[in-house]
Amino acid sequence: MRVLGIETSCDETGVAVYDGADGLLAHQLHSQVDSHAIYGGVVPEIASRDHIRKLAPLVEAALAEADCDGSAIDGVAYTAGPGLVGALLVGASLGRSLAWAWGVPALGVHHMEGHLLAPRLEPDPPDFPFLALLVSGGHSMLVAVEGLGRYRTLGQSIDDAAGEAFDKTAKLLGLPYPGGPALAELAAGGRPGRFDFPRPLTRKPGLDFSFSGLKTAVAYALRDAPDEPGLAADIARDFEQAMVDTLALKCRRALRQTGLKRLVVAGGVGANRRLRAALAELAEGEGVSLHFPRPAFCTDNGAMIAYAGYCRLAAGESVGPEISVRARWRL
Ligand code: KG4
Ligand code: ZN
C-alpha cells in the first residue's frame with residue numbers, strides 16, 4: 001500500500017509518499033519561517049495563504065520524487081488537527097479532493113500521532129511498547145505508546161509547552177523567531193553555571209511539566225544582572241541546561257515508573273543537541289534503548305503523516321467524505 005501524506009497544521013507545508021513495502025519514497029517540505037519571522041510568530045492568515053500557494057506544487061514534486069503518479073497512490077492521509085484551523089483546512093481539502101479524484105480512501109491523522117510514530121521511519125525502529133517524550137511548540141507530553149492508537153498520557157505541561165518556553169525565552173533575549181534553534185546556537189557560546197534557574201516540578205512526585213516560571217526567572221535575570229558582553233549567551237546556556245535537566249529527570253522517572261525499555265523522543269525540541277546528549281547518557285545509565293527521528297523529522301513534516309496514515313489505512317481505517325478538522329484534539 002502506498003500513501004500520500006500531507007501536513008499543513010502550522011507553518012510548514014509537508015508532503016511525502018510512504019510505501020508499505022519500499023518505505024519512504026519521497027519527502028518534500030516548504031518552511032514558511034521567513035514569512036512569519038518579521039511578526040515574531042506564526043500569523044494564521046499568512047500560514048493558510050502560503051499553504052494554498054505551495055501545497056499543489058509540493059504534491060507534484062513528491063510524486064515526481066517517488067517516480068509515480070496518482071494512479072499508484074492507494075490512500076491519502078492529511079493532518080486533521082490539532083493546529084490552526086485555516087491551515088489544516090488547506091491540507092484536508094486538497095487531500096480529500098485528490099483521494100476522491102483517484103478513487104482511494106482518505107484519512108485525517110492526529111498531528112501528535114505523526115510525531116510519536118516518526119522515529120519508526122528510521123533504521124532500527126523502536127518496537128511497541130515505548131515511552132515517548134513529545135516536545136514541540138504546542139505540546140510537552142510523556143506518553144506510554146502501547147501500540148498503534150494505544151496512547152496513555154503519563155504527564156503533560158500545565159502551562160507553556162517546551163518549545164514555547166524556548167521561543168518565549170529567545171524573544172526575551174532579543175533572538176529572532178523561531179527561537180529554539182537560535183537560543184541553542186547562542187547557548188553554545190555561553191558559560192555554564194552563572195544562573196541557577198529552577199527545574200520546575202522536579203521536587204514533587206508526578207510527570208507533569210511547567211515551564212512558564214522558568215521564562216519568568218530569565219526575565220528577572222535579564223533585569224537584575226549587570227549588562228555586560230556575553231550576558232545573553234550565559235543566560236541562554238543556563239536556561240537550556242535547566243530545560244534539559246527537567247526533561248531528562250521526568251524521562252528517568254517515567255521509565256522507572258513504567259518499566260518501559262525503549263525511549264523515543266519526538267517533536268521540534270527533540271532536535272536540540274544538548275537534550276539529545278543528556279538523554280543518550282540517561283538511556284545508557286538506565287539500560288534502555290533510545291530512538292530519535294532524524295532532525296528534519298523532529299520538526300513538522302509530511303513523512304510522519306504519510307507513515308501514520310499508512311499504519312491506519314493499512315489497518316482498514318477510513319472515514320466518510322466530509323471534510324473536518326480540529327483546532328484542539330486530545331491524543
Ligand atoms: O514540532 P514542531 O516543529 O512544531 C509543533 O508542532 O509545534 O516544533 C517546533 C518547536 C519550536 O518551538 C522550536 O523553537 C522548537 O521546536 N525547536 C527547538 C530546536 N529546534 C526546534 N528547541 C530547542 N532547540 C532546538 N534545536
Ligand atoms: Zn509538530
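Leaving aside neighbours within four places in sequence, with which residues is His-115 in contact? The legends below take up this point together with other views of the predicted model.

View 1. Beyond its neighbours within four places in sequence, His-115 is in contact with Leu-134, Ser-136, Ala-266, Gly-267 and Met-304. The residue counts as buried because 32 other C-beta atoms lie within 10 Å, the threshold being 20 or more.

View 2. With residues up to four places away in sequence not counted, His-111 touches Ser-9, Thr-79, Gly-81, Pro-82 and Gly-83. His-111 is buried, since 27 other C-beta atoms are found within 10 Å.

**View 3. Positions listed by UniProt under "binding site".** The record, an unreviewed entry, names His-111, His-115 and Asp-300. These positions are spread over 190 residues of sequence, yet they cluster in space, with a largest C-alpha distance of 8.7 Å.

**View 4. Helix α3, residues 85-102.** From first to last C-alpha, the 18 residues of α3 reach 25 Å, close to the 26 Å expected at 1.5 Å a residue. Just after the helix, Gly-103 adopts a positive phi of about 70°.

**View 5. Buried residues of α3 and their cover.** The buried residues of α3 are Ala-87, Leu-88, Val-90, Gly-91, Ala-92, Leu-94, Gly-95, Arg-96 and Ala-99. Elements covering them include the strands β1 (2-7), β4 (75-81) and β5 (106-110), as well as helix α2 (44-65). An α-helix has 3.6 residues a turn, so residues three or four places apart point the same way.

Note on methods: Residues numbered from 1 in each chain as written. Chains lettered and ligands numbered in written order. Predicted model: local features only at pLDDT ≥ 70, side-chain atom pairs only at ≥ 80, totals over all residues. Helix = DSSP H or I, 4+ residues; strand = E, 2+ residues; numbered from the N terminus. Expected span 1.5 Å × (residues − 1). Buried ≥ 20, exposed ≤ 12 C-beta atoms within 10 Å, placed from the backbone. Contact = placed C-beta atoms within 7 Å. UniProt positions renumbered as here; feature names shortened; annotations may be inferred.
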